[in-house]
Amino acid sequence: MSAIASELLAPGFDDPVHDAQRVFRGLLDALARPGRIVDLAGAFGGLSELPDQVPRSLAAGLLALTDADAPVWITPEAPALAALLRFHAGAPMQTGPEGAAFAAVLDASAALPLARYERGTPDYPDRSTTIFIAVPALEGGPQVRLRGPGIATSTTIAPRGLPTDFWRERAAMRAEFPLGIEIYLCAGTRVLGLPRTTQAEEEG
């Protein structure tokens, strides 16, 4: 089968319009309420053919957000996910993080260094990379205290599988605010949002 033919078979949303809208609202909710785990289940039955290394929430999020003007970098390479985004969203693929509007990190240990991602400019802080990171689970890991907009006082999360220096590197980026990056942690059908405005401190 040719590469073109295989891309034509890349699965997408069952209901492209309504599923994309549902996922988009879920992603907005995850960023507006940092620390809240949002389950996107039911919005993407058509993504069931993707390999297990690609969380359904990660694939659905990228499919809902990307288009022909949104370059994507995927690490490590995942031909099925790249085909999905090229065919259904027209998203161009990048060979590195430079200039990527979105990044899909399918191995959390490869998420660092965060400094390699686009963080915007003083005039256009929104021209930054939004990163989707696949993690083994959104609970059961080291506890991290979150504070900031969208959180009444503070809340605790405990995602598993992130690199040891992840939270330290993320905290170091606060000195550049309003520059920064938005991050989604993805496991299965669920997603947890970390906007650049959220302060995170490891406990213990």
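Three strands make up an open sheet, ordered β7-β6-β10, with antiparallel pairing. Its edge strands are β7 (155-157) and β10 (199-202), each pairing on one side only. This is a predicted model, where local features need pLDDT of at least 70, side-chain atom pairs count only at pLDDT 80 or more, and totals for chains, interfaces and linings use all residues. Residues are numbered from 1 along each chain as its sequence is written, and side-chain values use heavy atoms, with hydrogens and water left out.

**The sheet**
- Strands are DSSP runs of E, at least two residues long, numbered from the N terminus, and two of them pair if DSSP finds at least two bridges between them.
- Strand β6 (residues 144-147) is joined to β10 by four bridges, and the two run antiparallel.
- Across from L146 you'll find A200 in β10.

**Aromatic pairs**
- There are three aromatic pairs in the structure; rings of Phe, Tyr and Trp (its six-membered ring) pair if their centres lie within 6.5 Å, with planes under 30 degrees apart counted as stacked, over 60 as edge-to-face and the rest as tilted.
- W73 and Y117 have ring centres 6.2 Å apart and planes at 50 degrees, so this pair is tilted.
- That pair links distant parts of the chain, 44 residues apart: W73 is in strand β2 (residues 72-75), and Y117 is in the loop between β4 (102-105) and β5 (130-134).
- F166 and W167 pair edge-to-face, at 4.9 Å centre to centre with 90 degrees between the planes.

**Burial**
- Buried means under 20% relative accessible area (1.4 Å probe, protein chains only).
- W73 is buried at 9%, Y117 is buried at 2%, and both F166 and W167 are buried too.

Conventions
Buried means under 20% relative accessible area, exposed over 50%, partly exposed in between (1.4 Å probe, protein chains only).
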